[in-house]
Amino acid sequence: MSGARGSRKKWWWIGGAIALIIIIAAAVGGTLAAKNSSSSKGSNTAGVVKTSGNDPSSFTKDPRLKQSFYSMCYTPFHAQYPACGAVQSNVTEDIQLLSQLTTRLRLYGADCGVSEMVLTAIEETKVNMTVWLALWVDDNAETWQRQLSTTQDVLKKHGVDHVEGLIVGNEYILNGGSVATLLEKITQVKTWVSGQNYAKTVPIATADAGSMITTELAQGVDVVMANVHAWFAGTLVSDAAGWTWDYTNNNDPGIAVAAATNKPDLWIAETGWPTNANDTASLTLQGAQAGTAELQTFLDTFVCQANANVTADATAVAAGTPVTVYNKYAFFEAFDETWKSIYGGVEPYWGLFDANKQLKNVTIPDCASV
Ligand SMILES: *[C@@H]1O[C@H](CO)[C@@H](O)[C@H](O)[C@H]1NC(C)=O
Ligand SMILES: *[C@@H]1O[C@H](CO)[C@@H](O)[C@H](O)[C@H]1NC(C)=O
Ligand SMILES: *[C@@H]1O[C@H](CO)[C@@H](O)[C@H](O)[C@H]1NC(C)=O
Ligand SMILES: *[C@@H]1O[C@H](CO)[C@@H](O)[C@H](O)[C@H]1NC(C)=O
Ligand SMILES: *[C@@H]1O[C@H](CO)[C@@H](O)[C@H](O)[C@H]1NC(C)=O
């Protein structure tokens, strides 16, 4: 097993049977959206965050949550094109929750208005947060046109104050895509962004399974985002934190980045632990066991140690020492994503929160990240 995400199936809609699911989901999503648009004004009494009056920046904090994650992977509910249905009031509530855990978010694509809604939510909640916007890449020309024009429109409207960077593609190479095609799209985005003359640097990244990262790919981006999952390598959860660091720095991602002359930064762009599976057999993968207690172990052994490593890196860089190891990470992920049940196994169960936005039975580590 090659490590990160080797066994993972395509995360996208394919085939006739799935088209049927889309139609059903679209109908349900449409109904929900219609229902919500009439009730989205005013306080969020149906939700999990108490907002005072009409001011989304005034909300009750949950004492169980700590701003301890360097960054977090997030996809709003009902945002799988074309089954769009995500609504601003719910995304705003997500941002209220997630701002209590992190100051940085990572998105996966631009469809269903997610970039627009997330930036609007950050603005109206006034939380301290930046976001990696994303452009989904597959082999459909319309998908790319939509990602590009949506992202350009959103950046023209909101500017880049709350934008940490742009991620072009997620696991496109793992899903059989060509490096040349991906690099072409990355160049297209880089060219457009550099033409905007923003007051700050907006780095361009690509995300893929750690085992797919090559020097050729690293050479094309400012930031390499490697999804590194000890779960898919079948490790014991007690070894998972150390395995993640070692794989990132001493295996494909670290080796590829070390050989790239443009010296890109390297992030662990997904790392986490699943709490459940669709059937008993899928609860284990070699030494890896899914469960809430196991997620707690991963939180306890990874988060604060990784934060300490990130801080040490920043201190070394500030003192003029060149970067030799990489520790920045995006925790995978915010919420259980029920739409991923089409992939079975552990896929829908990686959230810190369940699909009803309830915190799972875990204690969030308390160690502020830089
Ligand atoms: C929005 O949130 C409400 C209350 O939490 C939930 O009932 C509804 O399904 C959500 N709608 C969408 C489209 O996510
Ligand atoms: C906002 O978060 C950044 C890290 O993303 C941190 O450096 C900064 O100090 C924070 N600002 C405030 C006002 O808390
Ligand atoms: C932190 O860095 C050390 C090496 O300095 C490494 O052994 C350890 O596994 C890292 N921990 C995490 C959680 O990244
Ligand atoms: C659970 O998911 C796995 C992996 O996709 C699949 O092989 C298996 O048939 C699923 N089990 C059930 C009960 O649906
Ligand atoms: C939550 O986890 C703790 C162990 O950390 C356990 O003692 C408790 O019974 C669990 N609560 C629920 C509701 O599962």
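Predicted model: local features only at pLDDT ≥ 70, side-chain atom pairs only at ≥ 80, totals over all residues.
1. Helix 7, which runs over residues 237-250, has 14 residues and spans 19 Å from its first C-alpha to its last, close to the 20 Å expected at 1.5 Å a residue.

2. The buried residues of helix 7 are Val 237, Ala 240, Ala 241, Thr 244, Tyr 247, Thr 248 and Asn 249. In an α-helix, residues three or four places apart point the same way, because there are 3.6 residues a turn. The buried list can be compared with that spacing, and it includes Val 237, Ala 240, Ala 241 and Thr 244.

3. Ligand 3 is surrounded by Trp 245, Phe 302, Gln 305, Ala 306, Asn 309 and Asn 327. Taken alone, ligand 3 exposes 360 Å², of which the protein buries 62%. The largest contribution to this shell comes from helix 9 (residues 292-318), which supplies 4 residues, and the shell as a whole divides into 3 nonpolar residues, 3 polar residues and no charged ones. As for individual atom pairs, a polar side-chain atom of Asn 309 is placed 2.4 Å from an oxygen atom of ligand 3.

4. Around ligand 2 the residues are Thr 103, Arg 104 and Asn 128. An oxygen atom of ligand 2 lies 2.7 Å from a polar side-chain atom of Thr 103, while for Arg 104 the distance from a side-chain N or O atom to a ligand oxygen is 3.4 Å. For Asn 128, a polar side-chain atom is 2.4 Å from an oxygen atom of ligand 2. On its own, ligand 2 has 360 Å² of accessible area, and the protein covers 35% of that.

5. Two peptide bonds deserve a check in the model. A cis peptide bond joins Tyr 81 and Pro 82, with omega at about 5 degrees, and Pro 82 sits in the loop between strand 2 (79-80) and strand 3 (83-84). A cis peptide bond also joins Phe 332 and Glu 333, again with omega at about 5 degrees; Glu 333 belongs to the segment after strand 12 (329-331). Most peptide bonds are trans, and most residues other than glycine have a negative phi.

6. Cys 112 has a positive phi of about 60 degrees and lies in the loop between strand 4 (104-106) and helix 3 (114-125); with a relative accessibility of 13%, Cys 112 counts as buried.

7. Two further loop residues are buried. Asp 62, in the loop between helix 1 (15-37) and strand 1 (72-73), has a relative accessibility of 19% and therefore counts as buried, the cut-off being under 20%. The side chain of Asp 62 makes a polar contact of 2.7 Å with the side chain of Arg 64. Gly 272, in the loop between strand 9 (265-271) and strand 10 (284-285), is buried at 1% relative accessibility. The C-alpha atom of Gly 272 is separated by 8.1 Å from that of Ala 230, although the two residues are 42 residues apart along the chain.

Technical notes: Residues numbered from 1 in each chain as written. Chains lettered and ligands numbered in written order. Heavy atoms only, no water. Near = heavy atom within 4 Å. Polar contact = N/O pair within 3.5 Å; in protein donor to acceptor, adjacent residues only side chain to side chain. Areas by Shrake-Rupley, 256 points an atom, 1.4 Å probe, with all protein chains shown as cover. Helix = DSSP H or I, 4+ residues; strand = E, 2+ residues; numbered from the N terminus. Nonpolar A, V, L, I, M, F, W, Y, C, P; charged D, E, K, R; others polar. Expected span 1.5 Å × (residues − 1). Buried < 20%, exposed > 50% of the residue type's maximum accessible area, 1.4 Å probe, protein only.
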